[in-house]
Amino acid sequence: MGLKQKLHTLKEKYKGTKMAPAFNALHTFLYLPNETTHSGSHIRVADDLKRTMNTVIMALLPCLILGMFNAGYQHHLQLGEIEAAANGFFSTNFWNWDNLVVGLWKVLPLVLISYGVGLAVEFLFAVIKGHEVEEGYLVTGMLVPLIVPIDIPLWMLTIAVIFGVVIGKEVFGGTGMNILNPALTIRAFLFFAYPTWMSGDKVWVHGDVAATAAGSPDAISGETILGNLAQNKDAGFEIMDMFYGFIPGSVGETSTLLILLGGLFLIFTKIGSWRIMTSAVAGALVMGLIFNGVVSQEWISESSKFFSLMSTEFWHHLLLGGLAFGIVFMATDPVTASQTNKGKWIYGFLIGFISVMIRVFNPAYPEGVMLAILLMNVFAPTIDHYVVNGNIKRRMKRLKVKTA
Amino acid sequence: MGLLSKKDRKLILDPLADDNPITIQVLGICSALAITAQLKPSIVMAVSVIFVLGVGNVVISLMRNIIPSKIRIIVQLIVVATLVIIVDQVLKAFAYSLSKELSVFIGLIITNCIIMGRFEAFALGNGPWRSFLDGVGNALGYGVILIIVGFFRELLGSGTLFGFKVLGDSVEKTGLYAIGYENNGFMVLPPMALIVVGIIIWVQRSRNKALIEEH
């Protein structure tokens, strides 16, 4: 008897018991369910929720892999063991075995904890509430390890994942009912609960925290570019390095190149909304241009604490920090984004606009994109409401003209 | 409790759980968020509200037949304000550092919706003894939630209780901190108080299904 048949039998055996959802989840995750719906209209399509989620995960995998190499690369670079990657994207200084080993050692536990804890909570709730396990956590579980600093203690991640899944999602009714993006809820929780592990110049490169605690004389510092700029220092990195992702940052959000490819993949498969992505990029560029304008009009002096960030060329903002990652993978979350097409334009534009604004005006919160998306998540239903009402009003007017 | 009749006992006990002013009526949230970062101010706040609401309810109840209904809100405000000033002065005299810590929030007891709510809903229509019980009961219900929230927020946010380092010293890394534990900075911020109150409401309603509203 094959595994599939065994699961079928188990499913029949546990039907109606409390544990049933847990078995069913495993079963439908591995195989197509052996049952059909009984009522209503039927449309045969291949892209169910599971397929959608898997597509996003496929788009995320390159980022994860580069994140692993980057973790090792930054670590070794800081220790002075290797030279900086020089000749383009396929530099052997970056893509080598030593870097990957460090990356695997540090990143895999994050992935395992994220999935293990998150799915455990989902299964638990499904069993208690007596509904089927929903696939909602598949993408969240992959996003979480990509948006945390590499050295985050695993117990903190565990608490944050429990918090994010329970408070961010389950209390609202589970997958599809959440107001806030669960992955960002998890990150926001970490950010406010354990700020010393989530920001500053010590957390982005593996080994920094330990080296500082040990008080070693050559304590290394892996400041991110945004951190440097906020202190009115030079960025300290080449533009191409930013684009390739050879820079310190959260695990998977450094490579704008791979995020761009992932974004195109999502648009091509019609999973991610191109409207949100385009308008968010536009929003960020517009805000960047406004700041550049302020600088070129000399309304602020060089001594201003905003000078460095404001004078950053407007399109550099897209390469810095988590903005690109947030726009492509977080803002497009179909549950928490606006649903109407016009709403998506507004929603996306404001995310880009507010991200850059927070980033420049409040250097204490360099990751403006997290806060901007959470904020717009809250406003998304309001935007939709006005778009829908506007549409109704317009058509009513047309109706009146016709009948009058 | 042979002292109280069954009906009177209900006045005290109901607000503690099934008719709690914070978790069921969702009143008085503002102060519950503002001052519960630590346990001590939570308790002082609870005691202050018990005094103000207990005495205030009696005063309003005694005057209930002579207050013209058009200006009753102003009369109620004057009664609360007087009592709050008494509390404020007593705290300043005997517990100055605490009164500093609670700062405006003692003064803001005046605006605590629970107090005006009980005046309006109960004291204006009932005798002084029953009003007293109702006031104390509601204030106790308010205080219980404050103390629960304050307990968790101080324990998880600062690792202390009443200022004692129950989890060890976070600077010298003793106790729990020796194995890498860290305080949860989010617990000290007001949003977490809202979430803790929300969790209490969740637990309470899932234990007693009758409390879940229809919609």
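Helices here are DSSP runs of H or I with at least four residues, strands are E runs of at least two, and both are numbered from the N terminus. The views below show a predicted model.

**The helical make-up of chain B.** Ten helices and zero strands form the secondary structure of chain B. Read from the N terminus, the order of its elements is α-α-α-α-α-α-α-α-α-α. Along the principal axes, the C-alpha atoms of this chain fill a box of roughly 65 × 45 × 35 Å. Chain B has 215 residues, of which 35% count as buried. Among its contacts with a separation of 6 or more, 75% join residues 24 or more positions apart.

**The contact between chain A and chain B.** Each side is made of a stated set of residues: eight from chain B and eight from chain A. On the side of chain B that touches chain A, α9 (185–188) and α10 (190–207) of chain B each contribute at least two residues. By class, this side of chain B holds four nonpolar residues, three polar residues and one charged residue.

**The two domains of chain A and the contact between them.** Chain A contains 17 helices and zero strands. Of its 404 residues, 45% are buried. Residues 24 or more positions apart supply 73% of the contacts in chain A that have a separation of 6 or more. The chain is divided into domain 1 (49–267) and domain 2 (272–404). In the contact between them, 30 residues come from domain 1 of chain A and 30 residues from domain 2 of chain A. Two or more residues of the domain 1 side come from each of α7 (182–193), α10 (225–230), α11 (239–244) and α12 (256–268) of chain A. The most is given by α12(A), with six residues. The side of domain 1 that touches domain 2 comprises 17 nonpolar, eleven polar and two charged residues.

**The largest nonpolar core, with A:Leu190 among its most connected residues.** In soluble globular proteins, nonpolar side chains tend to be buried together. The largest nonpolar core in this model has 143 residues. Those with the most contacts inside it are A:Leu190, A:Ala280, A:Ile327, A:Tyr347, A:Ile351, A:Ile373 and B:Val52. Helix α3(A) provides the largest share of this core, twelve residues. Apart from residues up to four places away in sequence, A:Leu190 touches A:Val148, A:Ile152, A:Met156, A:Ala160 and A:Met198.

**Helix α3 of chain A and its kink at A:Leu60.** Helix α3 of chain A covers residues 49–78, which is 30 residues. At 1.5 Å a residue these should span 44 Å, and the end C-alpha atoms are 42 Å apart, so the two values agree. The helix carries a kink of about 35 degrees at A:Leu60, shortly before the proline A:Pro62. Just after α3(A), A:Gly80 adopts a positive phi of about 75 degrees.

**A:Ser255 in the loop between α11 and α12 of chain A.** A:Ser255 has 28 other C-beta atoms within 10 Å; because 20 or more are required for a buried residue, A:Ser255 counts as buried. Leaving aside residues up to four places away in sequence, A:Ser255 touches A:Cys63, A:Leu66, A:Tyr244 and A:Gly245. A:Asn292 is 37 residues from A:Ser255 along the chain, and their C-alpha atoms are separated by 24 Å.

**A:Lys270 in the loop between α12 and α13 of chain A.** Most residues other than glycine have a negative phi. The phi of A:Lys270, a residue other than glycine, is positive and near 60 degrees.

**A:Lys393 in helix α17 of chain A.** The helix that contains A:Lys393 spans residues 368–403. A:Lys393 counts as exposed because it has 10 C-beta neighbours inside 10 Å. A:Lys393 and A:Val251 lie 142 residues apart in sequence, and the distance between their C-alpha atoms is 47 Å.

Conventions. Residues are numbered from 1 along each chain as its sequence is written. Chains are lettered from A and ligands numbered from 1 in the order in which they are written. This is a predicted model: local features need pLDDT of at least 70, side-chain atom pairs count only at pLDDT 80 or more; totals for chains, interfaces and linings use all residues. The expected span of a helix is 1.5 Å times one less than its number of residues. The bend at a residue is the angle between axes fitted to the seven residues ending there and the seven starting there. Two residues are in contact if their C-beta atoms, placed from the backbone, lie within 7 Å. Ala, Val, Leu, Ile, Met, Phe, Trp, Tyr, Cys and Pro count as nonpolar, Asp, Glu, Lys and Arg as charged, and the others, Gly among them, as polar. A residue is buried if 20 or more other C-beta atoms lie within 10 Å of its own, exposed if 12 or fewer, and partly exposed in between; C-beta atoms are placed from the backbone. Domain bounds come from an automatic or database domain assignment. A nonpolar core is a set of buried Ala, Val, Leu, Ile, Met, Phe, Trp, Tyr and Cys residues joined through C-beta atoms within 7 Å.
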